[in-house]
Structures are given as C-alpha cells and as structure tokens.
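Subject: Structure for your files

Dear colleague,

Here is the structure I said I would pass on. Please look through it before reading my notes.

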Amino acid sequence: MEEFIQQLTNGLAVGGIYALIALGYTMVYGVLKLINFAHGDLFTYGAYLGLTLLTSLALTDRLGFTLGMVVLVLMVMGLVAVLGAILERAAYRPLRESPRLSAVVSALGASIFLQNALMLIYGARFQVYPDNILPTATLNIFGLYLPLMRVLIVLASVLMMIVLYVFIQKTRIGTAIRAAAIDQGAARLMGIDVNRVILMVFLLGPALGGIAGLMVGLYYGQVNFTMGWVYGMKAFTAAILGGIGNIPGAMVGGLLLGVIEALGAAYLSIAWKDAIAFCVLILILIIRPTGLLGERVADKI
Amino acid sequence: MLLEVKNLHVRYGNVAALHGINLHVRQGEIIAILGANGAGKTTTLHTISGLLRPAQGEICFESQPIHQLPAHRLVKMGIAQAPEGRRIFGTLTVRENLNLGAFTCDDKAQVAKTQRWIYELFPVLAQRHEQLAGTLSGGEQQMLAIGRALMAHPRILLLDEPSLGLAPLLVKAIFQTLWEINTTGVTIVLVEQNARAALKLAHRGYVMEVGRIVLEDRAEALLANPEVCNAYLGGQANRE
C-alpha cells in the first residue's frame, strides 16, 4: 500500500507536469488547428531559464525560499511567454493564410532551431540544478513520507490548472478564446480581434509549459537540451487522451497519463515506461479518437 | 446615406466573385438583396463586414471609408451580422453567445438593457439561457444568431438567409420580429432566397446575378415586376 501511494503521488506529480504542457498544445490546436511542435522546446527553455535564474540571481538567498520561488516562477513564466509570442510572430503568423502543412513544417523547423540554440548556449551536457538550494525535506502525512518537492509540484500544477480553467470559463477574454476556437469567422463578426486571441494563447500556453520545465528541473535536479522532445510527446499524448482542443481534457489526460505511466513502471517494468505511455496513445486513437472528453455536443446544421 | 458600396470588386484567388457592384442604404431602411446561389450575396455581406477585402472599389459607412478596417473594428462602429448558417457557438450557453455579441460594448448597463430587450423579442431564449446553444432547435438558433448580432447595439444589421431551413410559420414569426427591430431604428440589410417574404418586409430591393446587380427598385415594384416574378417568385404575380 505504501509503495502504491508513493507511485501514485509520483504519477500525479509527473502527470501534473504533463498536463501543464498539454494545455499549451491543446489551446493552440483549439484556436489554430495546428500542433505547435516547438512547444516541447519552450518547456526546455523554462527548465534552463529556471536553472540560470536560480543560480545567478540567488533568489532564494535574498528573498527566502517561499518568496524566492514565487518570484522565480513568475520570471520563468513571463520570459517563456514572451518567447512563445515571438515564436508565433516569427514562425506562424506569416503562414496564417498558407496551407496547414506549411505551418507544421515551420513548427518542426522552429523546434530544431530552438533546441540547437539552447545547445550552443549551454552545451550538450546535462545541467544540474543546485541541490543545496532546494528543500530535501519529506512530509509526514498520516504516516506516509512524501518528498516536499513532490507535494509542492502536485499542488502548484493543480492550482495553475484551476486558475486557467476559471480564466477560460469566466472572463471576457477567456470566452473570446473559446469562441475563436469554435468558429474564427463568427468570432470576428462578434468584434473579437482573433490575432489578439492567438497572441493570448501563445502567451498562456508557453507560460504554463515553462513552469512545467522548471518543475522538472526542481523535481529531478537535472535538465538536458533534448528533454523537450520526450516531454512534448508525452504531453501531446495526454492532450490526445483528453481530447485535443479540450482544456479540461488536457488536464485529465495529463494526470491520467502520469499515473498510468508511474504505476506501469512500478508494477510491470521501468523499461516499459515510455512504451506504456505510447500504447495509451495508440489505444485511444483506435478506440476513441476524439479523446475522453472530446466533443460535448454536435452543432446542428 | 448610412452605407454606400461603390464599384465593389471581390476576388477569391483568381476567381472574381463581384464585378463592380453599387448599392446604398439609408438610415432606417430595410433592404433586401435577392439572387440565386452563387450570385455573390454572401460575398457582399462578408466584404461589408470586413471578413473579405475588396480588390477594387469602396465601402463607406456614414461617409467614412471602411473597406480596409478589420472586422472587429466594424462591429464597434455599428455593423453587425447574423451570418449564413447561423454560426452560433454550439458548445457555449445561450447566455455566453449573447454576451459574445456584446463583446465590443463596454457600457454594462446598456448591455443589460439590450439583453432584456432581446429576451422580450425572443422569449424562448430567456427560458433557455443556460442551455448549450447547440441543443437549440433550428429556429431557436436563428433567433439566437439575430439576438447575438443585436447585442452589439448595431446601427445596421446584416442578415444572411435568416429563413434558411425554417418552417414557414417560423419564417413569418422571425420576419415579424425583424420588422419590430427595424421600428426601433435599426437599419436592416437582408439577403434572402425567400424572395417573396423578403420583399414584403423590405422598403427597397436589389437583384443580383453572377456578381452583378441587375435590378434595383422599390420592393412593391419588384414584387410586381414580371421578370422578378418568373425568376424568383415562381411566376405567380399574374395569378395574384
């Protein structure tokens, strides 16, 4: 039982990270019907920016652990969001009227560019988060010893998902994003500036992806310039699992995939970890291609 | 002159859809634009709304050229459209759809007032305001599309085939409501296949054929015109 709960919470932490990345995929797909293949690399930038800011600014020394972390999170979110906006401007906006495939090729190109730029700046070796800054404490919850970092990651990712959900459901701009995802032309007839909606999506998604990168750095302690590829693929799987374009779907899909993967790795074999995740992708594509939460009601003609 | 379209040419790639059309709309009028499929009626409305850019020609709204402005600016200026096929947001609630119609309005009191008025015009929308718009019937969806366009508090309302796919009784009710809307001062441009109903409602009408305006007259005159009768009214003018 102890083992099971440890694996389950680990799965939730990883799943929360997947969910945050998956939200970026699903929001961009929702509005542009484009898979932003460079999204995984923005995630990696979050991890590297977090590392650089953490070590060079010594935020936790100056501001204390809690405040330092909050400032770090906000800085990473802001910087990666700006990167996302630049990516949209440079790689996607010029191709807005072009065939879908051109934008996909552009996305792949942007991914290669971002990855190699990172390698040139930081080198190809693994980079290590400083372990003396991070808390190694464990929490005792009803006799279970859980690492503090794991609990924080689960709480932070769930908190961010709730904030995003409320933003999308309740605010004016959130409703505009949903409307543009359903029908861009009709959204424009409502007076919605669709370019601004797209920009918004390319700020929100990368901000969440950047945080996910930071979380991976904090959780595992080491980062690599290619890690965006695997995490991106997993998060993409999570987005498909929940129903691509569906925001709650990405959240559910991410958490579910993390848990499935963690339990599979624990009880079957760790070597099968990635295979299990991609088997989930294949199964969902065969059995329910719209995903778990895809398409609530059909539009009447 | 509220709206003026001068020598408007629109192309889809290499295909010309409009070959220099001219039309004008006065404040308070109801204008019907008639024509067969592919005559360019929807293209005309989309260009007025800013969804398409003219290759040549001019569109003026209150004497200001508007044909280079983005669609979202035009809504704010007072040009709203209920598009063909209704295009309501099916996975959003009726209320959310209406609120989106008022996206450009900052005056909350005004929005609430307009919403109450729309619920008076279409009481069924008030009953269903928390329901997903995609679960409404075709007629209710059309009412929602019109109500949503009215939420922008427009000076001019463009309607693209509001009778499409509706039962005759429902068409009658909707046209009655359009007349009511017009009496409050909203100018209406109506694109219709249902020529008879449209001409009975309208003050003036235009007839389009393959990207050109071939006829322009008062609505009663068009109803009595034998050519129009034969082409669009099933040739019943002589019998009536």
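The notes below take the contact between the chains, then a helix pair, a hairpin and a single residue.

Please keep in mind that this is a predicted model.

Contact between the chains

Chain A puts 19 residues into the contact, and chain B puts in 25 residues. On the side of chain A that touches chain B, α7 (172-182) and α8 (184-189) of chain A each supply at least two residues. The helix that gives the most to this side of chain A is α7(A), with five residues. Sorted by class, the residues on the side of chain A that touches chain B are nine nonpolar, three polar and seven charged.

A helix pair in chain A

Helix α11 (residues 247-267) of chain A packs against helix α12 (residues 273-287) of chain A: their axes come within 9 Å and cross at roughly 140°. Why is α11(A) oblique to α12(A)? Angles count as roughly antiparallel over 145 degrees, and the two axes cross at roughly 140°, so α11(A) is classed as oblique to α12(A). The crossing of these two helices, α11(A) and α12(A), is right-handed. From α11(A), the contact is made by A:L257, A:I260, A:E261, A:G264 and A:A265. From α12(A), the contact is made by A:K273, A:I276, A:A277 and A:V280. By class, six nonpolar, one polar and two charged residues make up the contact of α11(A) with α12(A).

A hairpin in chain B

In chain B, strand β1 (residues 3-12) and strand β2 (residues 15-25) pair in the antiparallel sense, over eight bridges. Which residue of β2(B) does B:H9 face? B:H9 stands opposite B:H19. Two residues lie between the strands of this hairpin, and B:G13 takes a positive phi near 60° there.

A residue in helix α4 of chain B

B:L121 lies in helix α4 (residues 108-121) of chain B. Is B:L121 buried or partly exposed? B:L121 has 18 other C-beta atoms within 10 Å, and a residue counts as buried at 20 or more, so B:L121 is partly exposed. Leaving aside residues up to four places away in sequence, B:L121 touches B:T177 and B:E180. B:L121 and B:I181 are 60 residues apart in sequence, while their C-alpha atoms are 8.5 Å apart in space.

Regards

Note on methods. Residues numbered from 1 in each chain as written. Chains lettered and ligands numbered in written order. Predicted model: local features only at pLDDT ≥ 70, side-chain atom pairs only at ≥ 80, totals over all residues. Axes fitted to C-alpha atoms, helices over the stretch in contact; angles between N-to-C directions. Helix = DSSP H or I, 4+ residues; strand = E, 2+ residues; numbered from the N terminus. Parallel < 35°, antiparallel > 145°, perpendicular 65-115°, else oblique. Left-handed = near helix turned anticlockwise from the far one by under 90°. Contact = placed C-beta atoms within 7 Å. Nonpolar A, V, L, I, M, F, W, Y, C, P; charged D, E, K, R; others polar. Buried ≥ 20, exposed ≤ 12 C-beta atoms within 10 Å, placed from the backbone. Pairing = 2+ DSSP bridges.
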